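Please look over the sequence and the model shown below before reading on.

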Amino acid sequence: MKSRVVSLLSLPVLAIALVAGCSSSDSTTESESGDAAPAAATDASGAVSDNKVIDDSIVFLQIETSGYVQYPTTDGGLEWSDEWTVTSGCTGWFAGSEGEIVTAGHCVDPEEARKRIIQEFLDYEGAIDLANDAISNWKVEGFDAGAPLDVVLTIKQPNIEGQVINDWMPVQLVDLIKSQDGDLALLRANGVNGDTPALRVASEQAESGDPVTAIGFPSSVSAVSNEMVIPNPSFKTGTVSSRQISERGVAGLEVNADISGGMSGGPTVNANGEVIGVNSFTISGEEQAFNFITDTRDLNRFLQQNGVGN
């Protein structure tokens, strides 16, 4: 079958748009000497002024998903589409010294990938009005009958001094919390030469008014593919606006730092350069910035459950 390839560096726009979405203890990462990895320096405003420490830890995550859509025909039958391959981009960061990478759960959630394939298929066919029914009822399968979608996760870093990932490298999905339940994912890059430069995770919950910096690769900066150079990550400053609890009881932090598609999964750090949450989602259609990151305590607990950090 003919293959159709679509590149999506920003995720679907929804009323609540995914962008990139408990006890607390210190989850800092220690070096071989036993000292915690150095935190980034900050300027008088509280914004991170030494980007180099964070730059070394940020990775571009490419998600390539392939599958076939079963759709109803005009004569009442069912047909399978050509193969569809959808490529999207997110941000990740090293949370451990052995290749452990954190990103947003929705970036690597197979159900989100299934929705994107259906939406792109319908858009190509001029039938996007069928999206709600299709997402609820249509089959989407991998290369074999009944098989899950084929998902390939690869990472790369910009060409900067201190990079540890020089070329595209496959990564393994270790753990996933879906967007509605906390929006976190843990990946592992196996075969990295030497220790990976882990960022510290804050042990204290951020408070309203605290200065923050959100980091990631905005899709609007550059269209990235395997053959192109990855741009340096963007650093967007702001403050914590509030701490909110969803209807499902999931905590999250509202920040007014600008976060856009492609920055999903990147870290938002405090004035000490410590990660307080993962870039998750934004409220679309608003004139002001209503952006949300995952909760600090939930991030700490997620890493502890997976044996990452101390």
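## Overall picture

About 13,900 Å² of the protein chain is accessible surface, and 45% of that surface belongs to carbon and sulfur atoms. This is a predicted model, and of the 310 residues in the protein chain, 52% count as buried. The protein chain has 5 helices and 17 strands.

The mean pLDDT of the protein chain is 82, with 79% of its residues at 70 or more. Residues 5–39 have a pLDDT below 50, although this stretch has 123 contacts in the model beyond near neighbours in sequence. Residues 41–49 also have a pLDDT below 50, and here the model has 21 contacts beyond near neighbours in sequence. Where pLDDT is low, the predicted coordinates should not be read in detail.

Helix α3 covers residues 110–125, and its 16 residues reach 23 Å from the first C-alpha to the last, close to the 22 Å expected at 1.5 Å a residue. Helix α5 spans residues 296–305, and T296, D298, L299, N300, F302 and L303 are buried in it.

At the start of each helix a side-chain oxygen of an aspartate reaches towards a backbone nitrogen, and after each helix comes a glycine with a positive phi. The table sets out the contacts at the helix starts.

| Helix | Side-chain oxygen | Backbone nitrogen | Distance |
|---|---|---|---|
| α3 | D109 | E111 | within 3.0 Å |
| α5 | D295 | R297 | within 3.1 Å |

## Nonpolar cores

The largest nonpolar core has 39 residues, and those with the most contacts inside it are L61, W93, I155 and L299. At least two residues of this core come from each of β3 (58–72), β5 (83–94), β6 (100–103), α2 (105–108), β8 (150–156), β11 (184–188), β16 (275–283) and α5. The strand β3 gives the most to this core, with 5 residues. Leaving out residues up to four places away in sequence, L61 touches S88, G89, C90, T103, V108, L153, T154, I155, V171 and L187. Another core lies apart from this one and has 14 residues, among them W84, L122, A127 and L149.

## Two buried residues

D183 lies in the loop between β10 (172–177) and β11, and its phi is near 60 degrees, a positive value in a residue other than glycine. Why is D183 classed as buried? Its relative accessible area is 0%, and D183 therefore falls under the 20% cut-off for a buried residue.

S242 has its place in strand β13 (residues 234–245), and with a relative accessible area of 12% S242 is likewise under 20% and therefore counts as buried. Which residues does S242 contact, leaving aside its neighbours within four places in sequence? They are S208, G252, L253 and E254. With E254 there is a polar contact between side chains at 2.7 Å, and a further polar contact, of 2.8 Å, joins the side chains of S242 and Q244.

Definitions and conventions
Residues numbered from 1 in each chain as written. Predicted model: local features only at pLDDT ≥ 70, side-chain atom pairs only at ≥ 80, totals over all residues. Heavy atoms only, no water. Helix = DSSP H or I, 4+ residues; strand = E, 2+ residues; numbered from the N terminus. Buried < 20%, exposed > 50% of the residue type's maximum accessible area, 1.4 Å probe, protein only. Polar contact = N/O pair within 3.5 Å; in protein donor to acceptor, adjacent residues only side chain to side chain. Contact = heavy atoms within 4.5 Å. pLDDT = per-residue confidence, 0-100. Areas by Shrake-Rupley, 256 points an atom, 1.4 Å probe, with all protein chains shown as cover. Expected span 1.5 Å × (residues − 1). Core = buried A, V, L, I, M, F, W, Y, C linked by side-chain atoms within 4.5 Å.
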